[in-house]
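Dear colleague,

I am passing on the structure we spoke about, together with some notes on what was found in it. Please look through the sequence and the model first, and then read on.

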Amino acid sequence: MKKGKEGARLSMVELKNVSVTYASSGVDALNNVSLKINDGDFAFVVGSSGAGKSTMIKLILKEIDATSGSVIVNGYNLDKLKRRKIPEFRRTIGFVFQDFRLIPSMTVYENVAFVLRVIDAPRKYIRKRVPYVISLVGLQAKANSYPNELSGGEKQRVAIARALVNDPKLIIADEPTGNIDPELSYEIVELLKGINECGTTILMVTHEHDLVRHFGGRIINITQGEVVFDEVIGGANEV
Ligand code: ADP
């Protein structure tokens with residue numbers, strides 16, 4: 001977490017009295033949720049299936065709009081954000097998905113470089129930046145491997161490198177350990193924690209209570225569309 005006065009830290013995500021009702025089903029997925037994630041935070045979002053976690057992530061990415069209330073992410077007021085500005089806004093966020101979403105026909109290096117190529121980053125920068133982020137996730141030796149040659153944990157490391165390559169202020173990890181072996185889950189969270197210590201704000205959705213208990217930190221529990229718990233707890237790995 002960045003140093004400085006609590007009040008001086010910028011908020012990266014701010015939901016103010018947000019409700020979402022899906023018109024198709026009439027379901028109230030979020031009900032008057034207010035929440036702030038500050039610059040440098042690492043927060044776990046937990047809650048059972050159907051609680052509203054994905055709805056919250058979709059709101060933050062502006063995949064859906066709030067029925068009422070306001071959503072501000074990385075300084076963008078999403079209620080007012082023009083459609084043509086959405087790609088620019090999304091590039092300020094790195095995503096890590098449960099199912100990795102790597103391109104099978106591309107090597108590790110190419111999967112990561114692709115993010116910079118689509119925004120026309122200078123080639124010289126790509127040649128420096130890509131090996132650097134691949135080394136940050138400890139995959140130098142696999143840079144020329146294809147996704148089908150990697151373990152689940154390694155695939156997720158590539159996905160984290162890809163999320164990092166654009167130097168986002170905020171990373172959203174949606175069940176990043178859902179498809180990997182439990183022992184490796186700890187390594188993935190360690191990696192995200194290390195990235196957080198370098199200043200990137202991280203919001204991680206998980207239903208793995210053991211992980212949350214082990215690492216501790218800020219835990220936001222969503223139940224039936226409401227934030228029922230939002231506190232910092234000590235982890236089991238702390239003395
Ligand atoms: P979680 O991610 O915690 O499992 P969701 O945010 O996916 O929960 O779902 C919250 C509620 O909203 C659930 O009752 C779900 O059935 C409903 N819901 C989610 N997506 C849609 C949708 N696209 N259309 C209608 N109802 C939806």
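With which residue does Lys62 form a salt bridge? The partner is Asp65, and the closest N and O atoms of the two side chains are 2.7 Å apart. Please keep in mind, here and below, that this is a predicted model. Lys62 has a relative accessible area of 12% and is therefore buried, since buried means under 20%.

By the rule used, the count of salt bridges comes to 8. One of them joins Arg101 to Asp99, with the closest N and O atoms 3.1 Å apart; Arg101 counts as partly exposed at 49% relative accessibility, and Asp99 likewise counts as partly exposed, at 40%. Another is formed by Glu154 and Lys142, whose closest N and O atoms are 3.8 Å apart. This pair links distant parts of the chain, for Glu154 belongs to helix 5 while Lys142 lies in the loop between helix 4 and helix 5, 12 residues apart. Lys142 is partly exposed, with a relative accessible area of 28%. There is also a network of salt bridges, in which Asp41, Arg218 and Asp230 are linked.

If neighbours within four places in sequence are left aside, Ile160 is in contact with Val96, Val137, Ile188, Leu191, Leu192 and Ile195. As general background, nonpolar side chains in soluble globular proteins tend to be buried together.

The aromatic rings deserve a look as well, as the structure holds 4 aromatic pairs. In one of these, the ring centres of Phe42 and Phe44 are 5.2 Å apart and the planes stand at 70°, so the pair is edge-to-face. Both Phe42 and Phe44 are buried. Lys193 lies over the face of Phe42, at 4.3 Å from the ring centre. Arg101, already mentioned for its salt bridge with Asp99, has its charged end over the ring of Phe97, 3.9 Å from the centre of that ring.

How values were computed. Residues numbered from 1 in each chain as written. Predicted model: local features only at pLDDT ≥ 70, side-chain atom pairs only at ≥ 80, totals over all residues. Heavy atoms only, no water. Contact = heavy atoms within 4.5 Å. Phe/Tyr/Trp six-rings, centres within 6.5 Å; stacked < 30°, edge-to-face > 60°. Buried < 20%, exposed > 50% of the residue type's maximum accessible area, 1.4 Å probe, protein only. Lys NZ or Arg CZ within 6 Å of the ring centre and 35° of its normal. Salt bridge = Lys/Arg side-chain N within 4 Å of Asp/Glu carboxyl O. Helix = DSSP H or I, 4+ residues; strand = E, 2+ residues; numbered from the N terminus.
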